[in-house]
Every structure is written in structure tokens, then in C-alpha cells.
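Visitor: Hi, I'm new to this one and have just opened it. Could you walk me through it?

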Amino acid sequence: MVRSRIARGDELTEVQRIEVASGAPFREIGMIDVADMPPLPLDVLADRQRAGRVWVAVDADDRAVGFVVVDLVDGCAHVLQLSVDPAYARRGIGRGLLDDVAGWAAGRGLPALTLTTFRGVPWNGPYYARCGFRELTGGEVTAGLAELLAAEAALGLDPAERIAMRRPVG
């Protein structure tokens, strides 16, 4: 049985390990540069963890098997990173973490979850659409999301393949 909770500071290197492991499926579809991207730095993770914005999904032995990191962007809870260890994939863990974040956001009066992702990668855009997100177009893309998309392009991610998405929490 998997449950989620706020991450402890001593779990952040495990969070990084999960993020690196979750890159393997990108390698399998030829997105080597994405698969080889480094995980979120420990200082970034520690900052979000101290703010209570890193959740881990844990197994029966309380070991992290997935995580979500949240920022605040344009008044919404922004999913900075969601990763599940491939050994635990396709069990609803990612969806459960998103639901936990949605509950957290609703409790703080935030209207929605947002994220940026790959449009066509099956476990990205199409997956998030199944989880209640919809692609933002044109003027729906807020200034903060546009900045994130621009920063991703500067890192070498193809802007034609990247999208911003939103899921209401109410």
C-alpha cells in the first residue's frame, strides 16, 4: 500500500534518485538529452521541503517511491516536478500525489494546479489530460508560465513540444 506525506529533509537525495530513475523511459523513446538532465539541486529541494511543498509517496516500509515538488506561480500551485520510480509506475501514484497537491492548494484558496510538460510524450501531456489538466493556449498562458517555458527553451527543450497546463482545484 502506498500513501503520501510531506518529505523529510533526510529524503531529498532519495528524491533525486527517483527523478534520475524516472528519466529512463525518455531514453527508451530517444529523448536522451531529457533522460540525462540532472535532478533538481539539493538546495532547491531543501528550500521547497522547508516550505512544506515536497510530498513523497511511500511504500509499506515508509520508503519514498515517488514525489512531487510544488512552487507558487501566478497565484497557483505549480507542479515543478512529479516523478515516480519506474518500478512503481502505472499504479496511480502520480495521480494520487496530484490529488494531494490539489487538496493542499484548495485548502489555501489557490484556484488551480499548473505545470509545463511535453505535449506528445504519453506519460506527460496525455497523462496530465487524463488527470484533469487542460492545455493553455494563447493568452491563457500567464506571465509566470511563459517565463518557465522560455527558461526550458533556453535549456534546450523544443518549445514546439512544450505546453503549459492547468487543472482547477475546486
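This is a predicted model: local features need pLDDT of at least 70, side-chain atom pairs count only at pLDDT 80 or more; totals for chains, interfaces and linings use all residues.

Visitor: Which residue in β4 is the bridge partner of V68?

Guide: The partner of V68 in β4 is L82.

Visitor: And what about the hairpin of β3 and β4, how many residues sit between the strands?

Guide: That hairpin has 2 residues between the strands, and D74 there takes a positive phi near 55°.

Visitor: Which sense does β3 pair in with β2?

Guide: Strand β2 (residues 54-58) and β3 also run in the antiparallel sense, joined over 5 bridges, and along that pairing A57 stands opposite G66 in β3. The hairpin they form has 5 residues between the strands, and in this hairpin D62 has the positive phi, near 65°.

Visitor: Is β3 mostly covered or mostly open?

Guide: Strand β3 (residues 64-73) is mostly covered, with 9 of its 10 residues buried.

Visitor: OK, new topic: which residues have the most contacts inside the largest nonpolar core?

Guide: Those are V68, A77, L98, L113, Y128 and F133, in a core that has 26 residues. At least two residues of this core come from each of β2, β3, β4, α5 (93-107), β5 (112-118), α6 (125-130) and β7 (162-168), and the largest share, 7 residues, is supplied by α5.

Visitor: What does A77 touch?

Guide: Not counting residues up to four places away in sequence, A77 touches a set of residues that includes V70, L72, V101, W104 and L113. There is also a second, separate core of 13 residues, and A7, L45, A46 and V54 are among them.

Visitor: Last one: what does the UniProt annotation cover?

Guide: The UniProt record, an unreviewed entry, carries the annotation "domain: N-acetyltransferase" for residues 13-152. In the model, the end C-alpha atoms of that span lie 23 Å apart, and the span is 41% helix and 24% strand.

Technical notes
Residues are numbered from 1 along each chain as its sequence is written. Side-chain values use heavy atoms; hydrogens and water are left out. Buried means under 20% relative accessible area, exposed over 50%, partly exposed in between (1.4 Å probe, protein chains only). Helices (H or I, at least four residues) and strands (E, at least two) are DSSP runs, numbered from the N terminus. Two strands pair if DSSP finds at least two bridges between them. UniProt positions are given in the numbering used here, feature names are shortened, and annotations may be inferred rather than shown by experiment. A nonpolar core is a set of buried Ala, Val, Leu, Ile, Met, Phe, Trp, Tyr and Cys residues joined through side-chain atoms within 4.5 Å. Contact means heavy atoms within 4.5 Å.
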